[in-house]
Amino acid sequence: MGFRVIIFGFLVSIVLISTTCFFILDTNRQVLKLLLEREAHFDTITTSAAEISSYSKRAEGHLFLYLALHRKADGDKFPKRIQSLQEHIEILSQVVKDVDSKEILRQIKNKASGILPIGSALIESHDKMMQSAGYFEMEEYREVIFDLHDRFSSIRRLGVSMVKHEVHLENDSKAKIIDSSERMEFYLIIMISVTSFVSLFFGFWIVKIIRSLHI
């Protein structure tokens, strides 16, 4: 085997090993970046979905407390909680990508769209009745109250459903990334083993040739 061929093969094997090492580093960097992006995306969606459920419950509580106990603070907080709820719906509108999550979000929007006008009209009716009669008869607004309760309950349920669905998507995504990384690791081990063997082979011949030159 020609000395030049051996030297060339040895250098090529070194280049292959170096390239493989750089590829491993770059792959690890990309996987880490992907995981961080997925985590940030996941946190944004689950946080806003959880907040939607929370603000739905709080808005309902303030509204019905106002109707029952007539505390002005509760009446003032109701539209503020609805505003916060809508803000988190808007956040989800910008970040949700999954088809099923989009459908859940569509249902949340549908249920939330009428809450503020219906609730505000109910508060106005409450205030007028309190001024004229000195009390508020909730039974007269039974259907409206039950409609609002159904909307609030649905929003809470849908918020929880979105969190569960996104958790499932996140776990599935991580499982796929781990599986892909394990396959890549297997191929890289084979590649490193082959290039290392080739390097040792050519290195052995180089040493053998150098020794023969000293004889």
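Lysine 128 and glutamate 124 are both located in helix 4, four residues apart, about one turn of the helix; helices are DSSP runs of H or I with at least four residues, numbered from the N terminus. Their side chains form a salt bridge with an N to O distance of 3.4 Å, a salt bridge being a side-chain nitrogen of Lys or Arg within 4 Å of a carboxyl oxygen of Asp or Glu. Lysine 128 is exposed at a relative accessible area of 53%, whereas glutamate 124, at 45%, is partly exposed. Buried denotes under 20% relative accessible area, exposed over 50%, and partly exposed the range in between (1.4 Å probe, protein chains only).

## Basis of the model

The model is predicted: local features require pLDDT of at least 70 and side-chain atom pairs count only at pLDDT 80 or more, while totals for chains, interfaces and linings use all residues. Residues are numbered from 1 along each chain as its sequence is written, and side-chain values use heavy atoms, leaving out hydrogens and water.

The whole structure contains eight salt bridges. One of them joins glutamate 60 to arginine 156, with the closest N and O atoms 2.7 Å apart. This pair links distant parts of the chain, glutamate 60 belonging to helix 1 and arginine 156 to helix 5, 96 residues apart. Both glutamate 60 and arginine 156 are buried.

Aspartate 150 pairs with lysine 111 in a further salt bridge, whose closest N and O atoms are 3.5 Å apart. Here helix 5 supplies aspartate 150 and helix 3 supplies lysine 111, 39 residues apart. Aspartate 150 is partly exposed, at 37% relative accessible area, and lysine 111 is likewise partly exposed, at 24%.

## Nonpolar core

The largest nonpolar core comprises 30 residues, and Leu63, Phe78 and Phe152 have the most contacts inside it. Such a core is a set of buried Ala, Val, Leu, Ile, Met, Phe, Trp, Tyr and Cys residues joined through side-chain atoms within 4.5 Å. Helix 1 (3–69), helix 2 (72–95), helix 3 (99–112), helix 4 (115–133) and helix 5 each contribute at least two residues to this core. Helix 1 gives the most, with nine residues.

## Isoleucine 190

Isoleucine 190 lies in helix 5 (residues 142–214) and is partly exposed, with a relative accessible area of 39%.
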